[in-house]
Number of protein chains: 2
Amino acid sequence: MNYPNGKPFKGNKSQVGRTYEDKPSKIDYGGRGMSLESDIELSNSYYLNHGVAVIHKKPTPVQIVNVRYPMRSKAVINEAYFRTPSTTDYNGIYNGHYLDFEAKETKNKTSFPLNNMHEHQVLHMEACYQQSGIVFLLIGFKSLNEVYLLPYSKFKYFWDRHKKEIKKSITVEEIRKNGYYIPYQYQPRLNYIIAVDKLILDESEDRV
Amino acid sequence: MNYPNGKPFKGNKSQVGRTYEDKPSKIDYGGRGMSLESDIELSNSYYLNHGVAVIHKKPTPVQIVNVRYPMRSKAVINEAYFRTPSTTDYNGIYNGHYLDFEAKETKNKTSFPLNNMHEHQVLHMEACYQQSGIVFLLIGFKSLNEVYLLPYSKFKYFWDRHKKEIKKSITVEEIRKNGYYIPYQYQPRLNYIIAVDKLILDESEDRV
């Protein structure tokens, strides 16, 4: 059954947030073209549907100022403003571990600029780390087509260096040395939980 | 220094999300008048500022359709719609434990009506529970002025009963028997982490 606009009717599940089914999607498995955010989204759906982990991206925080209630239709927000998020974008649970992370993509080929990060996000990461959370960044180098997991415990050093105005960025080499490379694969495309496993193992050794 | 409207100037921190300081607030310590949500909000701020736990309420999910960019002022969202949340409202970390919960208040004196809960929220709670999360509901009886923590593991039974159309609600007695009473106190006003401690202890015994 098709709708008048020619689009096939698939129910309105996608309008009510993430569902518990695999969604069909047009994926270019060549390893290019998708954004880091949509790669993570697909991985999170895969993890949810396969009972691996429950990770969600938080909704964009919005300050709602005015809402209209047109007759016989749903409420329309007609005045709202973006708020600065006070946490990272992603959190959830993986096999008893609290996971908390931020994902950032850069077009830069040689380094990750730290002006991408906000002070309150780093404070949030520190607070979660103090509570024994698994805290990290997923950093995508778009032009290199490479993604790394950088543990918060390592990131801290570079953030301090940035705040002392010594260096505004982390070089790719530094990220390669301190992070975990996440290769693209078939399904899920960006299997970042493998890197999380390594981090959990390494941190449990460090913390003991 | 007061603003022309007579309100004292306190900076605009509250507009950019939760801060890491104790906020002064007009609290009626008599135990009435505040909503469950604002009580939880105050407790979460207290927990964050005292290094006890990092728990945040998720932003309301909104589907943004149109944004205006007026000259020399910030972006205005002028068309957006509320989306149905696919998770619970609160999650975070407490001493290495992943916490996930929903808070609901009822004016009903004798029972908690289950039409308050959405199927996808319960699916989310189940998924988090399967990953060994600490999952529960905070249920407030406004007219009784009582708040209970009901573990998801107990809630499941009542939800199944509801889905089988046997009973549409959970009685106060059932909640008292299966949940943990959270007394109001000075600071934080609603110290629900004490009930979480009991739950963690009880669940670790059950799961062994």
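Guide: Helices (H or I, at least four residues) and strands (E, at least two) are DSSP runs, numbered from the N terminus. The model is predicted, so local features need pLDDT of at least 70 and side-chain atom pairs count only at pLDDT 80 or more, whereas totals for chains, interfaces and linings use all residues. Residues are numbered from 1 along each chain as its sequence is written, chains are lettered from A and ligands numbered from 1 in the order in which they are written, and side-chain values use heavy atoms, with hydrogens and water left out.

Visitor: Where does Ser132(B) lie?

Guide: Ser132(B) is in the loop between helix 2 (119–130) and strand 7 (134–141) of chain B. Its phi is positive, about 70 degrees, although the residue is not a glycine. Most residues other than glycine have a negative phi.

Visitor: Which peptide bond is cis in chain A?

Guide: The bond from Gln187(A) to Pro188(A) is cis, with omega near -10 degrees. Pro188(A) belongs to the loop between strand 10 and helix 5 (192–207) of chain A.

Visitor: And what about Gln187(B) to Pro188(B)?

Guide: That peptide bond is cis, with omega near -10 degrees. Pro188(B) is placed in the loop between strand 10 (180–181) and helix 5 (193–207) of chain B.

Visitor: Changing topic, how many residues of chain A are in contact with chain B?

Guide: There are 46 residues of chain A in contact with 46 residues of chain B, where contact means heavy atoms within 4.5 Å. The buried area is about 3,700 Å², and carbon and sulfur atoms give 65% of that; this is the accessible area (1.4 Å probe) that two parts lose on being put together, summed over both.

Visitor: How many salt bridges cross that interface?

Guide: The rule finds 0 salt bridges between chain A and chain B, a salt bridge being a side-chain nitrogen of Lys or Arg within 4 Å of a carboxyl oxygen of Asp or Glu.

Visitor: Which strand of chain A gives the most to that side?

Guide: Strand 3 of chain A does, with 7 residues on the side that touches chain B. This strand also pairs with strand 3 (residues 76–82) of chain B, antiparallel over 2 bridges; two strands pair if DSSP finds at least two bridges between them. Ala80(A) has Ile77(B) as its bridge partner.

Visitor: What is the strand order of the open sheet in chain A?

Guide: The sheet has 6 strands in the order 1-4-5-7-8-10, with mixed pairing. Its edge strands are strand 1 and strand 10 (180–181) of chain A, each pairing on one side only.
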